[in-house]
Structure formats: C-alpha cells, structure tokens
Amino acid sequence: MILDMAYEEIVEYVKNLGEPVYRAKQLFEGMMLGKKLEDISNLSKSLKEKIAKDYPTFEVSAHLKSKDGTQKVALKLSDGSIVESVLLKYKYGYTVCVSTQVGCRMGCKFCASTLNGLQRNLSAGEILLQILFFNHLLGGTLKERKVTNVVLMGCGEPLDNYDNVAKFLKLVSSPEGLNISQRNISLSTCGIVPNIYKLADDGFSVTLTISLHAPNDELRKTIMPIANAYSITEILKACDYYFDKTGRRIEFEYSLISGVNDGDKEVEQLAKILKDKTCHVNLIPLNSVKEKSLLGVSRKRAYVIAGKLVKLGINATVRRTMGEDIEGACGQLRNRIGGANA
Ligand code: SAH
C-alpha cells in the first residue's frame, strides 16, 4: 500500500513506473488530502490504472456523532478488519484519537479494546488513514489543516507495534504531508519499558503518556497484566530517561476505579512516587464497559482526588469525558468485527 511510503519512496515508486517525478508530488498530495484515487483530478487515467492496486481503499462501516460534537468512525479496511477512530473538537482545533492495532493483547481488566484479543497490527498508512479521513471530512487542506493534534489512544498498544508506529510518526509529521508537529502528538502506553527507551533513542519527541492506574505493583498486577513484566520503578526510570532526552513533560493517566485505586492510601502513594518529577496526572473516572464489572467514581470524587494530589505537590487535573454516548470515550473502543460482537 502506497500510503505506507514516505515521500521519497513515492518518488522512487513513480520513477519505477516510468512516470515523471512531478507525478509523485501530485499523488502524495492527493493521498494526504484523503482523496479517493478517482478524485485526484491532476493524475492521468493511465497512471491511475497502474497504481489502483496499491492505493489505499476503505469503507465507512459506521459513523456516529455525539451530542457533544465528538464523532466516532469505524473504517473497514481491504481485508475486512475494522478500525475505530474518534474525532474530538477543542477550542483550538480538532484532535483525532487513532487506533494502532486491530484489537489488543494487553488484557487490561477495565478496557473494551482487549475483549477479543489482538487480531493484527495496523500498518503506518492504516494509522495515518484515520487522520486523513477526518481531515478530508472537515474540508481541511495541507496548508489549512483542520486536524491539528493526534493522540495514539484508540484500540491497541502503540509500543506493541513499534516499527509501524514509528513510521507513522514520521509520515504524519512529514513536511510534504500533514506536517503535524510531534509536539502535538501524544503516545499512550501501558508501559512497555524497552520501547520507551527506543522511542527516545530513535529521536522522537512526542508527548509520552503512561497508563499507570495504580501506585504500586501489587495493585497494578490485579488490573494490568503488563505489570507482571515491568515494575513501576522500571517504568519511572524509563520516563526519566525520556524526559532527559526530549525535555517533554510526562503525562500519567490514572483511571479511577471505585474501591480499587481511589482510596486515600493509593492517592498518597501516587503522590509519593511522582514527587519531584516534571509530570502531569490526568484523572479519568473509569468509563463503563458493559462486559466488565468495575465501576468508575463520580466526577465530584475525581475533583476531590485531584485537589488532594495538588495539595501534595502533584500537577493533576480531571480529564473531560467526551463521546460517552457513542462509546467513543477512553477505553470504550472495541472493534466490533463484522457486527459479530456488536
Ligand atoms: N494501550 C494504550 C492506549 C490505550 S487507551 C495504553 O494503555 O495507554 C488510552 C487510555 O484509556 C489508557 O490510559 C487506558 O488505560 C484507558 N482506559 C482503558 N479503558 C478505560 C475505561 N474503561 N475507562 C477509562 N479509561 C480507560
């Protein structure tokens, strides 16, 4: 698929087809605008025929709009896999929340994306496609993008699909394409430690978001299987390394689960382990997932916890909940394959 290719690779691809180099720019721009091949008007018919098999295609299998302006789309890829993505509207522009895998194998006890395990990794172009779709839908161009921010917080674990995600980050920030700065991209991970080091060593500077959800390993292991592989101490050490290399403040996600991780003891312990770190804690009352018995806390309780953390010297806020009514909120994406699991 040519959406997986960087601009320079498209140049080679076009040359190999015996076409002049300027065609590469036309093709790349058309693709980055999210156009269907037939709608790229400046490409010749014969070239379109030659590249049709390599051009990205998808169908929109569902498109839901929330009362708060959030939109969720399920795109059906050429092999029938479904990817879900969410569009969030903020004052400054639009953010797209992309999926990085079809399903997920991390097994977090509170998350819908992991219910059917991992089906497959998404390629770099398949991740990019989700942004191009929404930018096109909103009438954005390359000069005037509508989508300004990206969060890798949909289905899947980005650091479990490292190579494709790394390539995606290069593609989405490519100056010939959407040119979205890494400063406007957040990558959320449950904490695959070696790949946090790799991300820093490979020169990326996206905002690193760690799904912590517990202040100690014992509790974390009960809700996140990945905690059996990497300890919180190891994760925090990797975060220090990432911060030293990039200067980017680390974000910690803490989804509040009633009676599990929301007690005063846990909150105090959280403040203790994050003390003196340049970081921010995002508190999210757990969103309900019907197959899971875990419950969230009230927003009022979340604000009390945020206040407590702030008092203890931790920069903490409560995340706005968006798109809950269309199952587009954190942890609710579930990749309903062919309707079988709907
Ligand atoms: N695999 C990545 C991205 C997952 S989704 C990661 O683990 O970070 C983004 C965030 O939503 C993660 O912090 C995840 O733990 C959280 N999340 C999952 N299910 C949730 C739920 N039901 N309610 C609130 N947050 C949830």
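**A tour from a salt bridge to the ligand**

Select Lys-167 and Glu-9: they form a salt bridge, with 2.9 Å between the closest N and O atoms. The term means a side-chain nitrogen of Lys or Arg within 4 Å of a carboxyl oxygen of Asp or Glu. Lys-167 belongs to helix α5 (residues 162-172) and Glu-9 to helix α1 (residues 7-16), so the pair ties together parts that are 158 residues apart in sequence. By this rule the count is 21 salt bridges. Helices (H or I, at least four residues) and strands (E, at least two) are DSSP runs, numbered from the N terminus.

This is a predicted model, in which local features need pLDDT of at least 70 and side-chain atom pairs count only at pLDDT 80 or more, while totals for chains, interfaces and linings use all residues. Residues are numbered from 1 along each chain as its sequence is written, and side-chain values use heavy atoms, leaving out hydrogens and water.

Next, show the strands. Ten of them make an open sheet with mixed pairing, in the order β1-β2-β3-β4-β7-β8-β9-β10-β11-β12. At its edges are β1 (58-65) and β12 (316-318), each pairing on one side only; two strands pair if DSSP finds at least two bridges between them.

Select β7 (residues 147-152). Three bridges join β7 to β8, and the two run parallel. Val-150 has Ile-185 in β8 as its bridge partner.

Now move to the ligand. Both β8 (185-189) and β10 (250-256) supply at least two residues of the shell around it. Of the 19 residues around the ligand, Glu-157, Ser-188, Ser-211, His-213 and Asn-287 come nearest; a residue counts as near if one of its heavy atoms lies within 4 Å. The shell divides into eight nonpolar, nine polar and two charged residues. Here Ala, Val, Leu, Ile, Met, Phe, Trp, Tyr, Cys and Pro count as nonpolar, Asp, Glu, Lys and Arg as charged, and the others, Gly among them, as polar.

Finally, select Ser-188: an N or O atom in its side chain is 2.6 Å from an oxygen atom of the ligand.

Terms used
A polar contact is a pair of N or O atoms within 3.5 Å; within protein, one must be able to donate a hydrogen and the other to accept it, and residues adjacent in sequence count only if both atoms are side-chain atoms.
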